[in-house]
Amino acid sequence: MLLALVIVSGKKQDGTVLEEKKLSPKEMTGMLTTGPLLLFAIGMPVHGFFLAGLNNWANRLTEEMNTGTLPEALLGFQGGLGQFSVFLGVMLSRLLFSFTGIPVRGYLKWGGVAAALLLTVGLVSASSVILCVCMILSGLCFGALIPCMLDTACASVRGNTMLATTVMMLMLYLGQGIS
């Protein structure tokens, strides 16, 4: 089944096979040092650091801030309420972004800022309920950043999307590893 998926995914709608353009070292250097790919490659570790850190600390923060407003059983369910809150927002963001009409460039500029502000409100609130709501809203604000960044970077290096996605995902993993 996996082989069938690989074969099908490697074809264009007209049935021809997708081919990546072979790059010279000079072309590759040019793609990596100009345009949005360079900016996204710099931004991806920051996003990876933020997401992995939030993933690691979301449950702990939610538990520590609980002053009896959330039942203990709800805090300890599989995966934890903190992680659930973050990833509920992320999933909804990725599913719904295409329907919002929000310009991708504007979202890339302000989505992370809005997410950080909302998360800050939740962290200083001293309430696990407000923190969970802010984590959901924060996830809604930053959840589609990676798909939008990948889409924009791939559009900037037409003919070699593999280079763009490889560089960006490696940088994301670097940020997650540091976190």
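1. Basis. The model is predicted, so local features need pLDDT of at least 70 and side-chain atom pairs count only at pLDDT 80 or more, while totals for chains, interfaces and linings use all residues. Residues are numbered from 1 along each chain as its sequence is written, and side-chain values use heavy atoms, with hydrogens and water left out.

2. Content. The chain has nine helices and zero strands; helices (H or I, at least four residues) and strands (E, at least two) are DSSP runs numbered from the N terminus. Of the 179 residues, 34% are buried, meaning under 20% relative accessible area with a 1.4 Å probe, protein chains only.

3. Surface and contacts. Among contacts (heavy atoms within 4.5 Å) with a separation of 6 or more, residues 24 or more positions apart account for 72%.

4. H3 with H8. The axes of helix H3 (residues 35-65) and helix H8 (residues 145-156) come within 9 Å and cross at roughly 160°. Axes are lines fitted to C-alpha atoms over the stretch in contact, and angles run from 0 to 180 degrees between N-to-C directions. H3 and H8 are therefore roughly antiparallel, the class for angles over 145 degrees, with under 35 counting as roughly parallel. The contact involves Pro36, Leu37, Phe40, Gly43, Met44 and His47 of H3, and Leu145, Ile146, Met149, Thr152, Ala153 and Ser156 of H8. By class, these residues are eight nonpolar, four polar and no charged; Ala, Val, Leu, Ile, Met, Phe, Trp, Tyr, Cys and Pro count as nonpolar, Asp, Glu, Lys and Arg as charged, and the others, Gly among them, as polar.

5. H3 with H6. H3 packs with helix H6 (residues 104-124) at an angle of about 20°, their axes being 12 Å apart. The two helices are therefore roughly parallel. On the H3 side the contact uses Phe40, Phe50, Leu54, Leu61 and Met65, and on the H6 side Leu108, Leu119, Gly122 and Leu123. This set divides into eight nonpolar, one polar and no charged.

6. Phe40. This residue of helix H3 is buried, at a relative accessible area of 12%. Not counting residues up to four places away in sequence, Phe40 touches Leu108, Met149, Thr152, Ala153 and Met168. From Phe40 to Met171 the C-alpha to C-alpha distance is 8.9 Å, across 131 residues of sequence.

Terms used. Parallel < 35°, antiparallel > 145°, perpendicular 65-115°, else oblique. Buried < 20%, exposed > 50% of the residue type's maximum accessible area, 1.4 Å probe, protein only.
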